[in-house]
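Please load the model in a viewer and keep the selection tool at hand.

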Amino acid sequence: MAQQNRFLPITETVWPYRGSDQQSHYGEAMIEIAYTKRRIAKCVNYSDLIDDKSLLDRANRDAAALRALNAINNDTLFQKNLTSLKIRGKQAFACANIEQTLVTRLISKNIKANYKIRVQNRNTIIKNLISSLRESSPYNIHRFDIESFFESVNREKLFAKLMNDDRCSRQTLLLIYQLFEQIKAQGIFGLPRGIGLSSTLSELALHDFDSVIKQQKNIFFYARFVDDIILITSPELQKGEVIELLETNLQFDLKLHKVGKKISHHNISKASDKNSLKNAALERLQYLGYVFSVFNNSTQSDKILGISRRQLKIDICEEKVEKIKSRLISSFTNHISNSTAPGSFDLLEMRIRALTGNYIINDPSTNISIKTGIYYNYSEKNNRVQCPLKELDAFLRGLLFSGHHQLSLRIQSKISLDKRRKLIGYTFTDGFYNARLHFLKHDDLRKIKEVWKK
């Protein structure tokens, strides 16, 4: 009963009795992966193997898992402070050691299993959104995001939910409690951004919210990617009503942003079968790296059951184009600073190859391959007029050959003409339209991305 009392300051709830069959008071069988050395060792993933080559040896993985298990049994796993770092300019954190990393992954797996949490894939969201936007009937589009998502989650209320729901084992709850106590001691607000378990807990915080919103009448489409929310509703459901609906159902002290670049509302009229003279887009919507131009006319080339669908132009959003330009500049400035270092040009070429093309990320622990890059990240793009890819190609040419910009002149002084001609052979248009695929090693990928994080 000693462990039981440790939870009372947070929840003022006594531990529910649970028999050996691990049935929750909901009557559902609990799904828990046991906290054993073997199960903890299975939580080692490809990023761990890249960061620490010693973990390629199974004996070392087992040793790390055993240390983690001993720390669990001795209640010392979360005694060390989380490591502070920056991710895209925001305060973030990482686990203090491999032991914390492995156990938080196992906690995350158990929460996902017991609450049936399935994070929706970005590509799936985009495909379903496109299908809804092509509808010729009138509708409204509403986009929101949640204010300071991770930092705003009320940990006490979230832990109380975990306790009251009684879906997770005592061990899982005890570990979460110990982590929360360490977070509190460090003065961290909400959930520490950057840790995988925080992502799982934030999904849990919105799990019921998602279910309620999806069941509402007059909502044709709903999706959420982390804190980025989009809804397509009937024209009768106005902006104020949607805001009230969302705010009423948000829990754990979460709030919507009222203004900002991710907040938008669009009233889309019924699509006409007659093409307008200028064929002007009614609205431009940005979501998950794309910009969607929604037109007020149908297209004869796209029909379902004889009904023409709305014309929709899809492209890479300006923010992502500027991000790619920034990465190009960072790649060149890094080379300028290290041009005499062995392999500096080879590293620059790999960075240009990765930016303009596509590559495969292999997870050696699961043997799963993921394709990513300029095509696979924006495969739904269908616009060729005033294409951002051509803009990016022109930008790269300017960096390599312009005689009017200081950075270009510095690049030319450090890279020979032959080498610059080699680099200009990599283009964004070729990488996208031919889905140009390059094979890069994990160590190379880590080196490639180092300067892009700054």
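Contact here means heavy atoms within 4.5 Å. Helices are DSSP runs (H or I, at least four residues) numbered from the N terminus. The model is predicted, so local features need pLDDT of at least 70 and side-chain atom pairs count only at pLDDT 80 or more, whereas totals for chains, interfaces and linings use all residues. Residues are numbered from 1 along each chain as its sequence is written, and side-chain values use heavy atoms, with hydrogens and water left out.

**First selection: helices 14 and 16**

Select residues 318-337 (helix 14) and 388-401 (helix 16); they pack at an angle of about 20°, with their axes 11 Å apart. Because angles under 35 degrees count as roughly parallel, helix 14 is roughly parallel to helix 16. Axes are lines fitted to C-alpha atoms, for helices over the stretch in contact, and angles run from 0 to 180 degrees between N-to-C directions. The crossing of this pair is right-handed, a term for a near helix turned clockwise from the far one by less than a right angle, with anticlockwise giving left-handed.

Now show side chains. On helix 14, V321, E322, I324, K325, L328, I329 and F332 meet P388, E391, L392, F395, L396, L399 and L400 of helix 16. These contact residues comprise 11 nonpolar, no polar and three charged. In this classification Ala, Val, Leu, Ile, Met, Phe, Trp, Tyr, Cys and Pro are nonpolar, Asp, Glu, Lys and Arg are charged, and the others, Gly among them, are polar.

Move to residues 98-115 (helix 6) and 196-205 (helix 11), whose axes come within 8 Å and cross at roughly 20°. Helix 6 is therefore roughly parallel to helix 11, and the crossing is left-handed. T104, I107, S108, I111, K112 and Y115 in helix 6 meet G196, L197, T200, L201 and L204 in helix 11. By class, the contact has six nonpolar, four polar and one charged.

V103, I107, N110 and I111 of helix 6 meet T172, L175 and I176 of helix 10.

Select L179, F180, I183, P192, I195, S198 and L201, which line the largest cavity. Helix 10 (170-185) and helix 11 each give two or more residues to this lining, and helix 10 gives the most, with three. A cavity is a set of points on a 1 Å grid over the protein atoms alone where a 1.4 Å probe fits but cannot get out, and lining residues have an atom within 4 Å of a point. About 30 Å³ of space lies in the largest cavity. The lining has six nonpolar, one polar and no charged residues.

Notes
Parallel < 35°, antiparallel > 145°, perpendicular 65-115°, else oblique. 1 Å grid on protein atoms, 1.4 Å probe; cavity = no way out; pocket = protein on both sides within 12 Å on 5 of 7 lines; lining within 4 Å. Points joined across faces, edges and corners; volume = space filled by probe spheres on them.
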